[in-house]
Amino acid sequence: MPHLQKFLRFLDLDRKTHVLTQACIFRLLSGEDFHPGQLPILWAISQTSHTTQGQIARILGVSRAAVAVSAKRMEHTGLVCREKAPHDQRCTVVSLTPKGREMARKARSFQEEIVSRRLTGFSPEEIATLISFYERMNHNLERYRQELEQFHHPCQKEETLC
């Protein structure tokens, strides 16, 4: 297969894996008072006890406005609590409520099930190789993301992550 064909095949398989994973997580979360599109925000918050909307936006590579809209919806369903940061009233700090922590636990359990199913039939060595490939791809993409940020904002100082 020529190099371009292999590249296109990789893109197709990567996209299909993402679509299938999303379909499974959507199905598993369908009975919950939660939209699966909010998962990245839920994960970002669950990595710390609390964080700012600006920090979440930076982690996810989305706008602060997008995070604000989702966080507000999540607050209305009781998953998160939002409050002004005591050190800077411009910042909104977001933390998980007990209901949000339970949803994060449940969503993590669902994702573990999906990964387990996805890797059925793989040997431990194959899984280790796959993990190393993903680590390398993520490292490459992180470097590229940093280059893009410098290219698009070469003179911009690090802004407050409110």
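Tutor: Start with a group. Arg 58, Glu 142, Arg 145 and Glu 149 are linked in a network of salt bridges. A salt bridge here is a side-chain nitrogen of Lys or Arg within 4 Å of a carboxyl oxygen of Asp or Glu. Side chains of opposite charge can pair when their charged atoms come close. Over the whole structure, the search finds nine salt bridges.

A word on the source. This is a predicted model, where local features need pLDDT of at least 70 and side-chain atom pairs count only at pLDDT 80 or more, while totals for chains, interfaces and linings use all residues. Residues are numbered from 1 along each chain as its sequence is written, and side-chain values use heavy atoms, with hydrogens and water left out.

Now take Lys 99. Its partner is Asp 33, and the closest N and O atoms are 3.5 Å apart. Lys 99 lies in helix H5 (residues 98–118), and Asp 33 sits in the loop between helix H1 (3–28) and helix H2 (39–46), so this pair ties together parts that are 66 residues apart in sequence. Helices (H or I, at least four residues) and strands (E, at least two) are DSSP runs, numbered from the N terminus.

Buried means under 20% relative accessible area, exposed means over 50%, and partly exposed lies in between (1.4 Å probe, protein chains only).

Next, stay in helix H5. Arg 117 forms a salt bridge with Glu 113, with 2.6 Å between the closest N and O atoms. The two are four residues apart in helix H5, so about one helical turn separates them. Arg 117 is exposed, with a relative accessible area of 62%. Glu 113 is partly exposed, at 35%.

One more pair. Asp 88 forms a salt bridge with Arg 90, and their closest N and O atoms are 2.7 Å apart. Asp 88 counts as buried, at 13% relative accessibility. Arg 90 counts as exposed, at 62%.

To recap, look again at the ends of each pair. Lys 99 pairs with Asp 33, Arg 117 with Glu 113, and Asp 88 with Arg 90. Then return to the network, which includes Arg 58 and Glu 142.
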